[in-house]
Amino acid sequence: SLCYHPNWIYDVGFQLSYAAVFSILFFYPMLKNYTSSKWWILRYTKELVAVSLAAQLGVFPLLLFYFHQFSWYFLLGNLIAIPLVTLLLISGFIISFFSLVSLDVAKGIAPVFEGLSQLLYYGVEKLNEIPHNVSNQVVFHYSLLFSIGFLVYAIGRSLKHFSSIRILGVLTAILIVQGNIMLVDYQKEQEESLVVTSDANGFVLFAKVKDKAEVYAEQLDPKQFERKLADYRREVWLDEVEVKELPIGFTYGTKQVLVANRPEAAY
């Protein structure tokens, strides 16, 4: 795939797809030992759970990095989505085949495809309505992709073949993750930044000096810049950010900053 289109390495969908497949190939053989049952429906359910869990172990660092959220009901969502998507694929292939042979038959099958699509949409919509189903605004640094990825790999290796050396590898990976978090936290504390944004709601200035951050806004209604404020908190690794009215001037570190405010420039 990359020989054909090297830039796909930067595509989020490409990364998630290959990470999921690699994770399934790596973890599913270990989880398959727990899927046996004399009841086919229970065995099928266990296999779905095993595949979903194996895939999630590989993609969750990427999900945290790109989307800063994690779904706690991903297993339930996959139990709903995978069977329906499978039926959608089968009915889609059947419709495609009969559209070349008999258009009337294809039209007769089309309502089944539409019904399955609506059922899938309804199921996902109801799942999203469950309280606390997603953890939003998860703080995640790009360097954690590698340290957590190494931890997941070390856990998989230890589960595949238990030994003292591999358990030591897991403990080492945990220490690396903790050290990574401490290092990023220290770097963020030392950072100084001044960010100026402008849109139809006016100017918003974000000023950070070490472990203190302030936001100056023309409109003090947080709803006007709620998304920006959430993104900024996540970027600077701070939960508490003081919001103030945009002044004529303010102190930024050891410097005095003059605000030449022209609201009409935002429009």
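This is a predicted model: local features need pLDDT of at least 70, side-chain atom pairs count only at pLDDT 80 or more; totals for chains, interfaces and linings use all residues.

Reader: What is the mean pLDDT of the chain, and where is confidence lowest?

Author: pLDDT is the predictor's confidence in each residue, from 0 to 100. The chain has a mean of 84, and 96% of its residues reach 70 or more. Confidence is lowest in strand S2 (residues 134-135), with a mean of 76, and highest in H1, at 91.

Reader: Does leucine 48 count as buried or exposed, and what is it in contact with?

Author: Buried means under 20% relative accessible area, exposed over 50%, and partly exposed in between (1.4 Å probe, protein chains only). Leucine 48 counts as buried because its relative accessibility is 11%. Contact means heavy atoms within 4.5 Å; leaving aside neighbours within four places in sequence, leucine 48 is in contact with Leu79, Ile82 and Pro83. From leucine 48 to phenylalanine 65 there are 17 residues in sequence and 26 Å in space, C-alpha to C-alpha.

Reader: Which other residues of H2 are buried, and what do they pack against?

Author: An α-helix has 3.6 residues a turn, so residues three or four places apart point the same way. In H2 the buried residues include Leu48, Ser52, Gln56, Val59 and Leu62. The buried residues of H2 pack against helix H1 (12-31), strand S1 (70-71), helix H3 (74-101) and H5. Glutamine 56 counts as buried because its relative accessibility is 12%. Beyond four places in sequence, glutamine 56 touches Leu63, Phe70 and Phe74.

Reader: Where does H2 bend, and what follows the helix?

Author: The bend at a residue is the angle between axes fitted to the seven residues ending there and the seven starting there. Helix H2 (residues 40-67) bends by about 45 degrees at valine 59, and proline 61 follows within four residues. After H2 comes histidine 68, in the loop between H2 and S1. Histidine 68 is buried, with a relative accessible area of 13%.

Reader: Which side chain forms a polar contact with serine 143?

Author: A polar contact is a pair of N or O atoms within 3.5 Å; within protein, one must be able to donate a hydrogen and the other to accept it, and residues adjacent in sequence count only if both atoms are side-chain atoms. Serine 143, in helix H5 (residues 143-160), has such a contact of 3.0 Å with asparagine 180, side chain to side chain. At 18% relative accessibility, serine 143 counts as buried.

Reader: In what order do the strands of the open sheet lie, and which are its edges?

Author: Two strands pair if DSSP finds at least two bridges between them. Four strands form the open sheet, in the order S3-S4-S5-S6, with mixed pairing. Its edge strands, S3 (192-199) and S6 (242-245), each pair on one side only. S3 and S4 are antiparallel over eight bridges, and six bridges join S4 to S5, also running antiparallel. By contrast, S5 (residues 212-217) and S6 pair in the parallel sense over four bridges. Valine 204 is the bridge partner of threonine 197 and stands opposite alanine 217 in S5.

Reader: What lies across this sheet, and how many residues of S4 are buried?

Author: Axes are lines fitted to C-alpha atoms, for helices over the stretch in contact, and angles run from 0 to 180 degrees between N-to-C directions. Helix H7 (residues 226-236) lies across S3, S4 (202-209), S5 and S6, at about 15 degrees to S4. In S4, seven of the eight residues are buried.

Terms used
Residues are numbered from 1 along each chain as its sequence is written. Side-chain values use heavy atoms; hydrogens and water are left out. Helices (H or I, at least four residues) and strands (E, at least two) are DSSP runs, numbered from the N terminus.
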